[in-house]
Amino acid sequence: LVSRPGEALAMLAGTQDRYAVEGFLSYLARAGLLWRSLELLRAPDPCLRQDAAKLVKTALAAGYWPLYLNAVETHPDWRVRMAVARLLAAADHPEFAAELERRLATAPTPRSRRCLRAILRSQSSYLGEQARDAMADPA
């Protein structure tokens, strides 16, 4: 399942059953497979990388932002952190921008703050005085 998440996801998406996709993602999250599939974002096989990216995008659309924000802050491989950050930067939802603002205020390291700040800057939906103040504060 982790080695080819895109195939399973494509089959489910083809059914147009939102609940089946959400159930699948819930199962993957509970089993720890969403986290383990992050390594596939750096796989040598381009098909695996695309499958992993589709999985992340689908999970982001379903609201699994905290998992991926944790990955940006704590994953041991910096290349995976950057791959996840690029996918997060492309996700643009108002709820996500609010979560980014909260995370930016409590980021554990200067590197995490810079990365979260860059992701937040990419969000067209972020407004708010707090975010602007956080952006002005160099880390």
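Helices (H or I, at least four residues) and strands (E, at least two) are taken here as DSSP runs, numbered from the N terminus. By that rule, L55 is found in helix α4.

The model is predicted, so that local features need pLDDT of at least 70 and side-chain atom pairs count only at pLDDT 80 or more, while totals for chains, interfaces and linings use all residues. Residues are numbered from 1 along each chain as its sequence is written, and side-chain values use heavy atoms, with hydrogens and water left out.

**Whole chain**

Display the chain as a cartoon. Nine helices and zero strands are present, and the pattern along the sequence reads α-α-α-α-α-α-α-α-α. Colour next by relative accessible area, with buried meaning under 20%, exposed over 50% and partly exposed in between (1.4 Å probe, protein chains only). Of the 139 residues in the chain, 41% are buried. Then switch to a surface: the chain exposes about 7700 Å², of which carbon and sulfur atoms supply 56% (Shrake-Rupley method, 1.4 Å probe; for residues, only the protein chains shown count as cover).

Among contacts between residues at least 6 apart in sequence, 61% join residues at least 24 apart.

**The nonpolar core**

Select L38, L41, Y68, V72, V84, L88 and I119. These residues have the most contacts inside the largest nonpolar core, which has 41 residues. Such a core is a set of buried Ala, Val, Leu, Ile, Met, Phe, Trp, Tyr and Cys residues joined through side-chain atoms within 4.5 Å. At least two residues of this core come from each of α1, α2 (18–30), α3, α4, α5, α6, α7 and α8. Helix α4 gives the most, with seven residues. In soluble globular proteins, nonpolar side chains tend to be buried together.

Centre on I119. Leaving aside residues up to four places away in sequence, I119 touches V72, A85, L88, A89, F96 and L100.

**L55 and its distances**

Return to L55, which counts as buried because its relative accessible area is 1%. Draw a C-alpha to C-alpha distance from L55 to L38: the two are 17 residues apart in sequence and 9.4 Å apart in space. E7 is found in helix α1 (residues 5–14), and E7 counts as partly exposed because its relative accessibility is 48%.

Select residues 65–74, the span of helix α5. Its buried residues are W65, Y68, L69, A71, V72 and E73. They pack against α3 (33–36), α4 (46–61), α6 (78–90), α7 (94–105) and α8 (110–121).

How many aromatic pairs does a search of the whole structure find? The search finds one. W65 and F96 form this pair, which is tilted, at 5.3 Å centre to centre and 40 degrees between the planes. The rule pairs rings of Phe, Tyr and Trp (its six-membered ring) if their centres lie within 6.5 Å; planes under 30 degrees apart count as stacked, over 60 as edge-to-face and the rest as tilted. The pair links distant parts of the chain, with W65 in helix α5 and F96 in helix α7, 31 residues apart. W65 is buried at a relative accessible area of 10%, and F96 is buried at 0%.

Is E73 buried or exposed? E73 counts as buried, because its relative accessibility is 17%. Show its side chain, which makes a polar contact with the side chain of R103 (3.2 Å). A polar contact is a pair of N or O atoms within 3.5 Å; within protein, one must be able to donate a hydrogen and the other to accept it, and residues adjacent in sequence count only if both atoms are side-chain atoms. Beyond residues up to four places away in sequence, E73 touches R81, R103, A107, P108, S112 and L116.

Move to S112, found in helix α8 and buried at 5% relative accessibility. The side chain of S112 makes a polar contact with the side chain of T109 (3.0 Å).

**Cysteines**

Finish with C47 and C115. C47 counts as partly exposed at 40% relative accessibility, whereas C115 is buried at 11%. The structure holds zero disulfides (a pair of cysteine sulfur atoms within 2.5 Å).

Key: Contact = heavy atoms within 4.5 Å.
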